[in-house]
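Please keep the sequence and the coordinates at hand while reading.

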Amino acid sequence: MKYAQFLLACITVALLGSATAFAAAPVPHIPEPEGAEKCVEPEDVMRRQHFEFIKHQRDETMRRGIRTSKYSFKECINCHVVKDEAGRAVSIEDDRHFCNACHSYAAVTVDCFQCHKSTPAEPKMGSLEQPERSLAGLIERLETVSGARR
Ligand code: HEC
Ligand code: HEC
Ligand code: HEC
């Protein structure tokens, strides 16, 4: 009887041990976007089908000239930003980039970023660093010019 108990204890330890080993298996860290709660489709759908959506979207845009925004590649990049210590959006060269999270783990390579930007587009006008190029500044100047003409 004692022996059976000992055996049971051994099995329990072995089971617990393998459970721990399983939990400790490396899983990619997938960064969550800040300031957004939902993706364009439910998370599990995105996980399995994101490439179908964007490839399909590319085909529609490139071959038929249809441009919808639901699966826009630019929007994926705009929302899924990962920032570095300095607060700048990291590019696809950086391991921390959202699109690298699973791809480097699963050894998937995509050619998309040879042409597409992997960081959000910079605002074109009105950045704080260039007050003279702000929209408000421009309107002010236009008003001055037209005022001078009057
Ligand atoms: C408005 C912001 C936003 C946009 C645009 C967006 N996503 Fe997401 N995405 C999220 C958020 C938030 C999550 C995680 C929460 C959720 O939706 O369940 C997520 C989850 C995901 C996941 C699953 C990650 C995981 O943890 O398994 C993938 C893959 C993904 N997005 C890819 C894309 C692609 C590709 C596009 C462009 C077609 C895109 N996303 C557009 C916000 C966005
Ligand atoms: C939740 C994990 C995960 C995230 C995050 C993720 N991917 Fe993927 N992606 C995968 C996996 C896994 C595959 C391979 C699927 C297969 O081959 O069945 C894949 C495949 C792809 C493919 C197809 C590659 C091919 O050879 O056909 C493209 C394109 C792609 N992903 C784009 C993106 C982009 C762009 C992002 C970032 C916006 C992204 N993925 C983020 C897991 C992810
Ligand atoms: C050889 C250059 C090149 C490569 C590589 C490339 N694209 Fe594109 N893609 C373009 C051009 C050019 C356009 C049309 C111009 C635009 O809309 O910005 C475009 C448009 C798109 C669009 C529609 C516009 C948008 O923002 O939604 C999607 C989606 C897209 N590509 C996805 C992809 C994906 C996913 C990959 C990788 C599997 C990829 N592209 C690889 C050049 C490329």
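Which helices each supply at least two residues of the shell around ligand 1? They are helix 2 (43–64) and helix 3 (73–79); helices (H or I, at least four residues) and strands (E, at least two) are DSSP runs, numbered from the N terminus. This is a predicted model, in which local features need pLDDT of at least 70 and side-chain atom pairs count only at pLDDT 80 or more, while totals for chains, interfaces and linings use all residues. Residues are numbered from 1 along each chain as its sequence is written, and chains are lettered from A and ligands numbered from 1 in the order in which they are written.

**Overall architecture**

- The protein chain contains five helices and zero strands, and its pattern along the sequence reads α-α-α-α-α.
- Of its 150 residues, 5% count as buried; a residue is buried if 20 or more other C-beta atoms lie within 10 Å of its own, exposed if 12 or fewer, and partly exposed in between, with C-beta atoms placed from the backbone.
- Contacts between residues at least 6 apart in sequence include 45% that join residues at least 24 apart; two residues are in contact if their C-beta atoms, placed from the backbone, lie within 7 Å.

**Shell around ligand 1**

- Ligand 1 is surrounded by 19 residues, of which Ala36, Cys39, Glu43, Cys76 and Cys79 are the closest; a residue is near a molecule if its C-beta atom, placed from the backbone, lies within 6 Å of it.
- Helix 2 gives the most to this shell, namely six residues.
- By class, the shell around ligand 1 comprises eleven nonpolar, two polar and six charged residues; Ala, Val, Leu, Ile, Met, Phe, Trp, Tyr, Cys and Pro count as nonpolar, Asp, Glu, Lys and Arg as charged, and the others, Gly among them, as polar.

**Shell around ligand 2**

- Ligand 2 has 16 residues around it, and Phe51, Cys76, Cys99, Cys102 and Val110 come nearest.
- Helix 2 and helix 4 (100–106) are the elements that give two or more residues to the shell around ligand 2.
- The shell around ligand 2 holds twelve nonpolar, three polar and one charged residues.

**Val40**

- Val40 is located in the loop between helix 1 (2–23) and helix 2.
- Because 15 other C-beta atoms lie within 10 Å, Val40 is partly exposed.
- Apart from neighbours within four places in sequence, Val40 is in contact with Lys70 and Tyr71.
- Val40 and Cys76 are separated by 36 residues in sequence and by 8.9 Å in space, C-alpha to C-alpha.

- His103 lies in helix 4 and is partly exposed, with 15 other C-beta atoms within 10 Å.
- Outside four places in sequence, His103 is in contact with Val108 and Val110.
- From C-alpha to C-alpha, His103 and Pro28 are 9.2 Å apart in space, although 75 residues apart in sequence.
- Ala107 belongs to the loop between helix 4 and helix 5 (135–149), and its phi is near 55 degrees, a positive value in a residue other than glycine.
- Ala107 counts as exposed because it has 6 C-beta neighbours inside 10 Å.
- Val110 is also found in the loop between helix 4 and helix 5, and is partly exposed, with 13 other C-beta atoms within 10 Å.
- Val110 and Asn100 are ten residues apart along the chain, and 9.8 Å separates their C-alpha atoms.

**Confidence**

- The mean pLDDT of the protein chain is 77, and 63% of its residues reach 70 or more; pLDDT is the predictor's confidence in each residue, from 0 to 100.
- Among the elements, helix 1 has the lowest mean pLDDT (47), and helix 3 has the highest (94).
- Residues 10–22 have pLDDT below 50, and this stretch has zero contacts in the model beyond near neighbours in sequence.
- Over residues 126–132 pLDDT stays under 50 as well, and the model has four contacts beyond four places in sequence for them.
- Where pLDDT is low, the predicted coordinates should not be read in detail.
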